[in-house]
Amino acid sequence: MEKVLVTGGAGFLGSHLCDRLIASGADVLCVDNFFTGSKANIAHLQNNPYFELMRHDITFPLYVEVNAIFNLACPASPIHYQHDPVQTTKTSVHGAINMLGLAKRTRATILQASTSEVYGDPEVHPQTEDYWGKVNPIGPRSCYDEGKRCAETLFFDYHRQHQLAIKVVRIFNTYGPRMHPNDGRVVSNFIVQALRGEDITVYGSGEQTRSFCYVDDLIEAMLRMMKSPANITGPVNIGNPVEVTMLELAERVINLTGSKSKLCFKPLPQDDPKQRRPDISFAKSALQWEPKVTLEDGLKATIDYFRRTI
Ligand code: NAD
Ligand code: UDP
Ligand code: UDP
């Protein structure tokens, strides 16, 4: 049986990944420091004999025996990663060094959850993997963006220098059940506000765009990437290429919830990217993958989740 380490396994994406791995017959070690993750996300797995939970911060060394590592540990929402920006960079950089050291010793294949933020506020649209990005190195988002960029550098240097089997996925905005209701990300904010009948907070003019991928599609791509041939290292864009403005998203959420909420406009955060859409040609050809869940169906499932939990 494969022993798989999932760092950040108690978070939004990590907990869905643990579910899929357990269902596929893997023996899962979930490592998390519970900065943004919660035991509630994985409570249903706690009695499973093939699931083990370890409280640990990956900026410290970790000695365990595994065959595969999914490195997801890192706060992902701007509110959370800007709360302690130094720790955010440490998690991305020191954390990557420790997990790569672990992979080197155990000869495990290691997958990095990188991000579309490596493209910054992109001048190339849609974003292809060979675009190097436009990132502010000293702004409030830099701890995350540059931390993730440095982690990618480390992955490719361990690959070249120590022949590590690496996989790098660049995740575009992903949403679904188990998103943190207060983490400030747009999908959770809009849904929670709509369900509570509060104003929907649109930042800036709301004309900026994002492309939203439903969590199940994302996890499928991550699993395919881990199983792909050794020559497929990535980076590979994973996301849903359907692009919407934040105004369109707000309208859809209001319609699907039947809410009476009104829009209210707030200042645009500094360095907020104006547009973002993945070119997923490489994922399609290398992984035979493309997203299947429409924004409408994904939003409905996410709305159901928040109705039950808030
Ligand atoms: P999340 O905040 O729900 O999950 C991150 C998890 O990592 C949490 O459980 C947190 O407690 C844990 N963690 C943070 N620092 C840690 C540390 N030092 N040691 C151990 N655990 C630590 O976020 P998510 O949306 O599930 O994101 C998971 C990964 O995917 C992150 O690396 C994120 O950068 C990446 N990603 C997510 C998205 C998205 O849209 N959700 C987009 C791009 C990239
Ligand atoms: N490391 C770890 N677990 C392991 C092996 C290494 O956490 O099983 C850490 C170790 O603390 C080290 C880092 O990974 O700081 C990088 O390891 P590597 O072997 O690349 O570097 P070195 O030990 O030579 O500095
Ligand atoms: N946003 C918004 N209202 C909110 C939260 C976010 O209009 O309540 C906007 C934000 O300014 C950005 C987009 O939605 O343009 C996506 O924000 P999120 O934090 O979810 O992701 P990221 O900016 O990291 O892509």
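## A residue to start from

Cys18 has its place in helix H1 (residues 12–23); helices here are DSSP runs of H or I with at least four residues, strands are runs of E with at least two, and both are numbered from the N terminus. Cys18 is buried, with a relative accessible area of 0%. In this report, buried means under 20% relative accessible area, exposed means over 50%, and partly exposed lies in between (1.4 Å probe, protein chains only).

Which residues does Cys18 touch, leaving aside its neighbours within four places in sequence? They are Val6, Gly9, Val28, Cys30, Leu45 and Phe51, where contact means heavy atoms within 4.5 Å. Thr309 is 291 residues from Cys18 along the chain, and the C-alpha atoms of the two are separated by 21 Å.

## About the model

This is a predicted model, in which local features need pLDDT of at least 70 and side-chain atom pairs count only at pLDDT 80 or more, while totals for chains, interfaces and linings use all residues. Residues are numbered from 1 along each chain as its sequence is written, chains are lettered from A and ligands numbered from 1 in the order in which they are written, and side-chain values use heavy atoms, with hydrogens and water left out.

## The whole chain

Stepping back, you will find nine helices and 13 strands in the protein chain. Its radius of gyration is 19 Å, close to the 19 Å that the globule rule gives for 310 residues, so the chain is as compact as a globular protein of that length. The radius is taken over C-alpha atoms, and the rule is 2.2 Å times the number of residues to the power 0.38. Along the principal axes, the C-alpha atoms fill a box of roughly 55 × 45 × 40 Å.

Of the 310 residues, 56% count as buried. Among contacts with a separation of 6 or more, 81% come from residues 24 or more positions apart. The chain exposes about 13,500 Å², with carbon and sulfur atoms supplying 52% of it; accessible areas come from the Shrake-Rupley method with a 1.4 Å probe, and for residues only the protein chains shown count as cover.

His56 is found in the loop between strand E3 (51–55) and strand E4 (68–71). This histidine is buried, with a relative accessible area of 15%. A polar atom of the His56 side chain lies 3.0 Å from the backbone oxygen of Phe60. Beyond its neighbours within four places in sequence, His56 is in contact with Val31, Asp32, Asn33, Pro61 and Leu62.

Phe34 lies in the loop between strand E2 (27–32) and E3. Phe34 is buried too, with a relative accessible area of 15%, and its phi is positive, about 60 degrees, although it is not a glycine.

## Backbone details elsewhere

Arg107, in the loop between helix H3 (85–106) and E5, also has a positive phi, near 60 degrees. Where are the cis peptide bonds to look for? One joins His125 and Pro126, with omega about -10 degrees, and another runs from Gly234 to Pro235, with omega near 0 degrees. Pro126 sits in the loop between strand E5 (109–115) and helix H4 (142–162), while Pro235 is in the loop between helix H6 (215–227) and strand E11 (236–238).

## Towards the end of the chain

Val293 lies in the loop between helix H8 (281–287) and helix H9 (295–309). Is Val293 buried or partly exposed? Val293 is partly exposed, with a relative accessible area of 21%. Not counting residues up to four places away in sequence, Val293 touches Tyr214, Asp217, Asn240 and Gly298. The C-alpha atoms of Val293 and Asp216 are separated by 8.1 Å, with the two residues 77 apart along the chain.

Key. Polar contact = N/O pair within 3.5 Å; in protein donor to acceptor, adjacent residues only side chain to side chain.
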